[in-house]
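Take a look at the structure first.

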Amino acid sequence: MKKSIIDLTVKAVEHINEKYVLLRLTDSRPLPEMLPGQFVEVRIDGAEGVFLRRPISINFLDREANELWLLVAAIGRGTKHLAQLEAGARLNCVLPLGNGFTMPQCDVERILLVGGGVGVAPLLYMGAEMKRRGIEPTFLLGARTAADLLLKPQFESFGRVFVTTEDGSDGEKGFVTAHSVLKHERFSRIATCGPKPMMIAVARYAAEAGIDCEASLENMMACGLGACLCCVEKTSDGNLCVCKDGPVFNTKKLILWQN
């Protein structure tokens with residue numbers, strides 16, 4: 001898929017809570033095609049001490065509105081600068097980068113999309129694309145508290161949503177791998193993104209259940225093109241760059257994730 005370097009316009013900035021912000025970007029021309037699971041490298045201008053682009057998952061692509069959504073966790077100097085942008089600002093983006101999730105080919109596949117924290121971001125676009133193809137996704141979203149659940153109404157517009165929170169303030173109390181839906185229903189495939197311990201737990205559940213699982217890794221990335229080698233992951237196919245060969249991998253290939 002062709003990569004582009006584009007100055008996108010910030011159409012809206014939605015502060016979900018004190019930590020998370022949703023950037024809605026647009027352009028005068030139609031946005032390039034993008035796949036669920038791919039990401040964008042954003043240049044951050046005007047932030048002191050920030051020299052490298054920041055990799056951010058593609059949260060959603062609204063073709064009708066010609067909008068690209070980026071869900072940002074404002075936790076570092078660069079991302080906090082992004083959270084302070086206002087409508088009309090310009091963002092230089094390299095997109096789309098990486099390889100996406102394997103999309104279902106028929107409606108008999110039952111795919112579970114498991115996300116935690118800001119890692120839920122790429123699963124919204126995947127769920128939207130599944131629904132567009134006539135396939136209902138099932139989402140399992142985890143967070144520390146109800147206040148940390150991100151874009152829940154948007155997920156509910158595309159499929160069934162199950163929730164766990166660590167304090168029990170929404171959904172079932174505990175971690176995603178303990179949710180009752182995993183005991184009562186059988187899925188043919190799992191896609192996951194979120195904190196690494198959560199994804200490893202999901203991958204181990206999938207292995208024990210004999211289910212294929214894909215995970216979107218969030219290794220440290222600088223260039224996004226496989227040149228700097230700072231995001232290398234040890235796999236059964238050798239040492240691979242997460243930005244170029246991923247970020248989505250079948251978890252069976254992730255050597256350090258195995259028991």
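Buried means under 20% relative accessible area, exposed over 50%, and partly exposed in between, with a 1.4 Å probe and protein chains only. By that scale arginine 77 is exposed, with a relative accessible area of 57%. This is a predicted model, where local features need pLDDT of at least 70 and side-chain atom pairs count only at pLDDT 80 or more, while totals for chains, interfaces and linings use all residues. Residues are numbered from 1 along each chain as its sequence is written, and side-chain values use heavy atoms, leaving out hydrogens and water.

**Arginine 77**
- Arginine 77 sits in helix α1 (helices are DSSP runs of H or I, at least four residues; strands are runs of E, at least two; both are numbered from the N terminus).
- Leaving aside neighbours within four places in sequence, arginine 77 is in contact (heavy atoms within 4.5 Å) with Glu48, Gly49 and Val50.
- From arginine 77 to cysteine 213 is 33 Å, C-alpha to C-alpha, and 136 residues in sequence.

**The largest pocket**
- A pocket is an open set of points on a 1 Å grid over the protein atoms alone, where a 1.4 Å probe fits, with protein on both sides within 12 Å along at least five of seven lines; lining residues have an atom within 4 Å of a point.
- The largest pocket is lined by 47 residues, and Ala73, Ile75, Val118, Gly119 and Glu218 lie nearest its centre.
- Elements giving two or more residues to this lining include α1 (77-83) and α5 (196-209).
- Strand β4 gives the largest share of the lining, 4 residues.
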